[in-house]
Amino acid sequence: MASIDFEQEVLITLAAAARKVPGRVPGKPVHTATLARWATRGVNGRQLETLKIGGRLFTSVEALSRFVSALNTSPQHENHEVRPTSRKTTRRSLVRKGLA
């Protein structure tokens with residue numbers, strides 16, 4: 001995994017990085033917490049590179065680009081399977097929410 005070179009790369013806060021990533025709703029970016037989750041838990045075994053400076057968490061434009069590229073070139077992306085939810089699980093979820 002590459003690491004951020006803070007002297008060569010353009011550092012941005014996670015909030016600024018979130019504004020660069022389109023969300024599900026057109027014209028609305030993803031939430032900052034999404035990038036924090038990408039940095040801590042990762043996606044498909046890949047994590048967004050971050051750097052802590054003075055208690056603040058930063059990433060870089062280049063790290064965001066590497067992260068997106070890695071997600072779109074990984075074999076896991078090509079073989080992604082959606083596991084169907086069982087009717088029993090769906091029913092329980094609806095009952096819990098008072099919808100069934």
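Predicted model: local features only at pLDDT ≥ 70, side-chain atom pairs only at ≥ 80, totals over all residues.
Q: OK, how many helices and strands does the protein chain have?
A: Five helices and three strands. From the N terminus on, they run β-α-α-β-β-α-α-α. Helices (H or I, at least four residues) and strands (E, at least two) are DSSP runs, numbered from the N terminus.

Q: In what order do the strands sit in the sheet?
A: The order is β1-β3-β2, in an open sheet with antiparallel pairing. β1 (11-13) and β2 stand at the edges with a single partner strand each, so one side of each has no neighbour in the sheet. Two strands count as paired if DSSP finds at least two bridges between them.

Q: How many bridges link β2 and β3?
A: Three, in the antiparallel sense, with β3 covering residues 56-60. β1 and β3 also pair in the antiparallel sense over three bridges.

Q: Which residue in β3 does Ile 53 face?
A: Ile 53 stands opposite Arg 56. In that hairpin of β2 and β3, there are two residues between the strands, and Gly 54 takes a positive phi near 60°.

Q: What else is Phe 58 in contact with?
A: Leaving aside neighbours within four places in sequence, its contacts include Ile 4, Leu 11, Ile 12 and Glu 49. Contact means heavy atoms within 4.5 Å. Phe 58 and Ile 12 are 46 residues apart in sequence, with their C-alpha atoms 5.5 Å apart in space.

Q: And Lys 52, buried or exposed?
A: Lys 52 counts as exposed because its relative accessibility is 62%. Lys 52 lies in strand β2 (residues 51-53). Its C-alpha atom is separated by 10.0 Å from that of Thr 13, which is 39 residues away along the chain.

Q: Switching to the core: how many residues are in the largest nonpolar one?
A: There are 14, and those with the most contacts inside it are Leu 35, Trp 38, Leu 48 and Leu 64. The elements giving two or more residues to this core are α1 (14-20), α2 (32-40) and α3 (61-73), with the largest share, four residues, coming from α1. A nonpolar core is a set of buried Ala, Val, Leu, Ile, Met, Phe, Trp, Tyr and Cys residues joined through side-chain atoms within 4.5 Å.

Q: What does Leu 35 touch?
A: Not counting residues up to four places away in sequence, Leu 35 touches Leu 14, Ala 17, Ala 18, Val 30, Leu 48 and Leu 64.

Conventions:
Residues numbered from 1 in each chain as written. Heavy atoms only, no water. Buried < 20%, exposed > 50% of the residue type's maximum accessible area, 1.4 Å probe, protein only.
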